[in-house]
Amino acid sequence: MEELLKRELGCGSVKATGHSGGGCISQGQSYDTDRGRVFVKVNSRAEAKRMFEGEMASLTAILKTDTVKVPKPIKVLDAPGGGSMLVMEHLDMRSLSSHAAKLGAQLADLHLENKKHSETLMKEAGTVGKGGGQAEGPFVDQFGFDVVTCCGYLPQVNTWQKDWVEFYTRQRIQPQMDMVEKGSGDREALQLWSALQVKIPDLFRDLEIFPALLHGDLWGGNVAEDASGPIIFDPASFYGHSEYELAIAGMFGGFSSSFYSAYHSKIPKAPGFDKRLKLYQLFHYLNHWNHFGSGYRGSSLNIMRNLVK
């Protein structure tokens, strides 16, 4: 591994450190190089390259906004013995505690970044004689992403769409339901989904949704902090509805009230927020069902039952 990293990163020396880590999907190890410490995530699955390329594109997109800290991605490589690996900057991280409110504020800034570009463009278009004005970055007016990203190891359909409700229904929930059907043919789940689909547009009535760059998998295990502030990692990014981000944030332990207060001081809750949050949590429960088995069936079905009432 050291020789491979030396060659691919153009380093004179590479040595494994005592730092290692991993989650449900991939394993990781830090290495000291003459160009600084790097963290290498390794996954032996055949589809790992697509997963890591999506993660690299996600980290790059978040990094460009200069809103919330992420590890700088360096390179996706073929792993020795099959699979793939993602090399990134090593960050010394500890559990999120004192910087929870700062994370809420910075996450809101991330979600508002694209809207800011839109407002800058409109202002410039309306300023007579200001020729050649440039916004800080291009405004994205659709929902999706340029590459496939994976929430866990399952690929997300990120084909660009103008309509958010269509995007979420067809490109987030439907692929998960297709996997449920293929895996277990769960009749009750399919019937509930059939009933729920017709009700979804009502949850978005009179709501203007700007495409926001999302982390995409922001649960407590994918956030941390260092002395300078919060850090987020393991993203599965795309441009979507900012409320979507808060769905998994409220699952599996969740975040402190200071996080939510800081976030909502910049992006207040819109009418119907709580019901839409349940709809967004449905994706994550289905995704866990398809990753880890039917232990998540009950939660998935309960959400659908409550939303079709």
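Which hand does the crossing of helix 8 and helix 9 have? The crossing is left-handed, a name used when the near helix is turned anticlockwise from the far one by less than a right angle, with right-handed for clockwise.

Before we look further, note that this is a predicted model, in which local features need pLDDT of at least 70, side-chain atom pairs count only at pLDDT 80 or more, and totals for chains, interfaces and linings use all residues. Residues are numbered from 1 along each chain as its sequence is written, and side-chain values use heavy atoms, leaving out hydrogens and water.

**Two helix pairs**

Helices here are DSSP runs of H or I with at least four residues, strands are runs of E with at least two, and both are numbered from the N terminus. Axes are lines fitted to C-alpha atoms, for helices over the stretch in contact, and angles run from 0 to 180 degrees between N-to-C directions.

| Pair | Axes | Angle |
|---|---|---|
| Helix 4 and helix 8 | within 9 Å | roughly 25 degrees |
| Helix 8 and helix 9 | 8 Å apart | about 155 degrees |

Helix 8 is therefore roughly antiparallel to helix 9, whereas helix 4 and helix 8 are roughly parallel. The cut-offs are under 35 degrees for roughly parallel, over 145 for roughly antiparallel and 65 to 115 for roughly perpendicular, with the rest called oblique. Helix 4 and helix 8 also cross in a left-handed way. Their contact (heavy atoms within 4.5 Å) includes Trp 164 and Tyr 168 of helix 4 and Leu 279 and Phe 283 of helix 8.

**Helix 5 and its two sides**

Helix 5 spans residues 187–197, and its buried residues are Ala 189, Leu 192, Trp 193 and Leu 196. Buried means under 20% relative accessible area, exposed over 50%, and partly exposed in between (1.4 Å probe, protein chains only). Seen down the helix 5 axis, the buried residues fall within an arc of 100 degrees, so they line one face; the arc is that of the directions from the axis to the C-beta atoms. An α-helix has 3.6 residues a turn, so residues three or four places apart point the same way. The buried residues of helix 5 pack against helix 4, helix 8 and helix 9, while the face turned away carries the exposed Arg 187 and Gln 191.

**Two loop residues**

Asp 206 is not a glycine, yet has a positive phi of about 60 degrees. Asp 206 sits in the loop between helix 5 and strand 8, and is exposed at 81% relative accessibility. Asp 234 also has a positive phi, near 50 degrees. Asp 234 lies in the loop between strand 10 and strand 11 and is partly exposed, at 27%.
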